[in-house]
Amino acid sequence: TPSLYVVATPIGHLADIGARALGVLREVDAIAAEDTRHSQRLLEAHGIRTPLFALHEHNEQSAASRVIALLAEGRHVALVSDAGTPGVSDPGARAVARVHAAGHPVVPVPGACAAIAALSASGLGETGFRFAGFLPPKSAARRATLAALVASPVALVLYESPHRIVECVDDLVAVFGEEREVVLARELTKLHEQIVRMPLADAPAWLAQDANRRRGEFVLVVSGCPPSEGLEPEAERVLALLLAELP
Ligand code: SAM
């Protein structure tokens with residue numbers, strides 16, 4: 001059956017792509033890509049000549065319609081984003097939802113994902129995690145979003161761009177306090193990969209110490225709320241009961 005293959009591509013290191021992903025990219029009839037020039041380089045590196053078309057946030061509706069039309073004609077289509085797993089904090093998600101709505105199968109071809117790579121190297125993911133993607137760009141909204149996450153007992157995983165990393169870490173300290181552990185993972189799988197873990201209190205000074213530490217792409221992992229800081233078990237149980245009654 002004609003399907004949409006959601007194919008993960010590398011987040012830096014070009015070798016981080018599996019044999020199955022390469023086979024799918026070679027065999028499908030077309031590839032919808034967030035940035036066709038960027039993906040073209042990946043395909044060329046592997047001698048793949050499958051035609052590409054753009055599916056990004058500015059043409060999402062029409063490009064998704066094109067994907068659906070191809071599937072309806074009996075063609076196989078792959079979806080790739082600039083880096084990592086499509087649909088995780090990038091425009092692929094809504095296109096995938098449209099394909100489901102049109103009744104076509106969606107097949108994941110898993111691989112690199114910045115959030116999971118950082119989590120696996122953080123040592124904070126044992127009891128689960130909460131992925132919040134990108135926080136709002138303005139500080140007030142960012143702090144409000146963080147405040148709603150502060151009581152979560154599991155690790156929090158965030159994406160951040162280099163131009164907001166300092167402000168984001170300052171807001172994390174302001175909302176989560178100084179004692180939680182943070183892992184700053186920058187340039188994962190790339191030449192200047194750096195993964196450091198420290199109490200939140202130390203993170204602003206660490207970033208301030210060297211401009212290179214503020215460059216590149218970041219994943220932040222913050223440890224979850226320790227049990228004692230959260231609600232007492234009895235209060236938790238009552239709250240769960242009350243919440244279950246809410247409409
Ligand atoms: N879909 C992608 C994935 O599966 O990881 C994420 C796309 S999102 C638009 C881009 C963000 O992912 C960056 O701003 C950064 O927070 C994170 N990211 C992507 N590649 C990274 C890398 N090599 N090192 C650290 N963070 C990375």
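1. Packing of helix H3. The buried residues of H3 pack against S1, S2, strand S3 (52-54), S4 and helix H4 (92-101). Those buried residues are Ala-63, Ala-64, Val-67, Leu-70 and Leu-71. Viewed down the axis of H3, they fall within an arc of 120°, so they line one face of the helix. An α-helix has 3.6 residues a turn, so residues three or four places apart point the same way. The face turned away from the buried side of H3 carries the exposed residues Gln-61, Ser-62, Ala-69 and Ala-72. The model is a predicted one, and the points below should be read accordingly.

2. Geometry of H3. Helix H3 (residues 60-72) comprises 13 residues. From its first C-alpha to its last, H3 reaches 18 Å, close to the 18 Å expected at 1.5 Å a residue. Just after H3, Gly-74 adopts a positive phi of about 95°.

3. Helix H1. In H1 (residues 19-27), the residues Ala-21, Val-24 and Leu-25 are buried. They cover an arc of only 100° around the axis, which puts them on the same side of H1. On the face turned away from that buried side, the exposed residues are Ala-19, Gly-23 and Glu-27. The packing partners of the buried residues of H1 are strand S1 (4-7), strand S2 (30-33), helix H2 (36-45), strand S4 (77-80) and strand S5 (106-109).

4. Nonpolar core. Which residues of the largest nonpolar core touch the most other members? Of its 63 residues, they are Val-7, Val-67, Ala-78, Ala-118, Val-157, Val-219 and Val-221. Helix H5 (residues 114-120) contributes the largest share of this core, with six residues. Leaving aside residues up to four places away in sequence, Ala-78 touches Tyr-5, Val-7, Val-24, Leu-25, Val-28 and Ile-31. Among these contacts, Val-24 and Leu-25 are buried residues of H1. Val-67, named above for its contacts within the core, is one of the buried residues of H3.

5. Arg-213. This residue is placed in the loop between helix H8 (203-208) and S10. Is Arg-213 buried, exposed or partly exposed? Arg-213 counts as partly exposed because it has 16 C-beta neighbours inside 10 Å. Not counting residues up to four places away in sequence, Arg-213 touches Trp-206 and Leu-207. A separation of 13 Å lies between the C-alpha atoms of Arg-213 and Glu-160, which are 53 residues apart along the chain.

6. The chain as a whole. The secondary structure comes to nine helices and ten strands. The C-alpha trace spans about 55 × 50 × 30 Å along its principal axes. Of the 247 residues in the chain, 32% are buried. Among contacts between residues at least 6 apart in sequence, 73% join residues at least 24 apart.

How values were computed: Residues are numbered from 1 along each chain as its sequence is written. This is a predicted model: local features need pLDDT of at least 70, side-chain atom pairs count only at pLDDT 80 or more; totals for chains, interfaces and linings use all residues. A nonpolar core is a set of buried Ala, Val, Leu, Ile, Met, Phe, Trp, Tyr and Cys residues joined through C-beta atoms within 7 Å. A residue is buried if 20 or more other C-beta atoms lie within 10 Å of its own, exposed if 12 or fewer, and partly exposed in between; C-beta atoms are placed from the backbone. Helices (H or I, at least four residues) and strands (E, at least two) are DSSP runs, numbered from the N terminus. Two residues are in contact if their C-beta atoms, placed from the backbone, lie within 7 Å. The arc is that of the directions from the helix axis to the C-beta atoms. The expected span of a helix is 1.5 Å times one less than its number of residues.
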